[in-house]
Amino acid sequence: MFSKNLDFNAIRSFGNNSMDEHLGIEYLEIGEDYITARMPIDHRTQQPFGILHGGASVVLAESLGSVASFMCLTDPTTQRAVGLEINANHIRSVSSGWVYAKATPLHIGRTTHIWDIKITSEEDKLVCVVRFTVAIIDVK
């Protein structure tokens with residue numbers, strides 16, 4: 001599913017000088033049909049009441065899904081993967097440690113990709129469920 005020509009260590013650096021770096025998002029693993037990342041729960045990702053901000057969860061999911069779609073492109077020099085729609089259901093609050101996200105494909109088409117992204121706590125409890133749709137556009 002993912003392009004075999006891409007170096008995952010290079011993919012890990014995609015977040016440098018971006019919101020990913022600012023929030024501390026780290027890409028962890030790529031499998032046959034999934035990719036994972038983690039994000040710390042700290043002053044950058046908490047809301048004023050000390051729990052993980054829902055918007056931070058959405059950033060984690062969109063970042064992970066975008067990288068996953070990029071890794072599926074047939075020609076990344078002429079194509080881009082851009083977010084089209086995202087839906088997040090926040091299940092449980094968490095106030096410290098790390099959250100982990102795993103993106104798996106629901107649909108990998110020529111013009112759209114749809115990702116199922118589950119965000120869990122360090123205790124493997126479900127924190128957020130996300131469906132993320134990506135548009136594949138041609139760049140000229």
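Q: Two strands pair if DSSP finds at least two bridges between them; with that in mind, which residue in β4 stands opposite T36?
A: This is a predicted model, where local features need pLDDT of at least 70, side-chain atom pairs count only at pLDDT 80 or more, and totals for chains, interfaces and linings use all residues. Residues are numbered from 1 along each chain as its sequence is written, and side-chain values use heavy atoms, leaving out hydrogens and water. Strands (E, at least two residues) and helices (H or I, at least four) are DSSP runs, numbered from the N terminus. Strands β2 (residues 35–40) and β4 (residues 98–108) run antiparallel, joined by six bridges, and the residue opposite T36 is K102.

Q: Which strands stand at the edges of the sheet?
A: The six strands of this open sheet pair antiparallel in the order β1-β2-β4-β5-β6-β3. Each edge strand has a single partner, so one of its sides lacks a neighbour in the sheet; the two are β1 (26–30) and β3 (79–90).

Q: What angle does the direction of helix α3 make with that of β3?
A: Angles run from 0 to 180 degrees between N-to-C directions, with axes fitted to C-alpha atoms (for helices, over the stretch in contact). Contact means heavy atoms within 4.5 Å. Helix α3 (residues 54–70) packs on the sheet, and its angle with β3 is about 145°.

Q: How many residues of β2 are buried?
A: Buried means under 20% relative accessible area, exposed over 50%, and partly exposed in between (1.4 Å probe, protein chains only). V82, in strand β3, is partly exposed because its relative accessibility is 33%. Strand β2, by contrast, is mostly covered, and its buried residues number five of six.

Key. Pairing = 2+ DSSP bridges.
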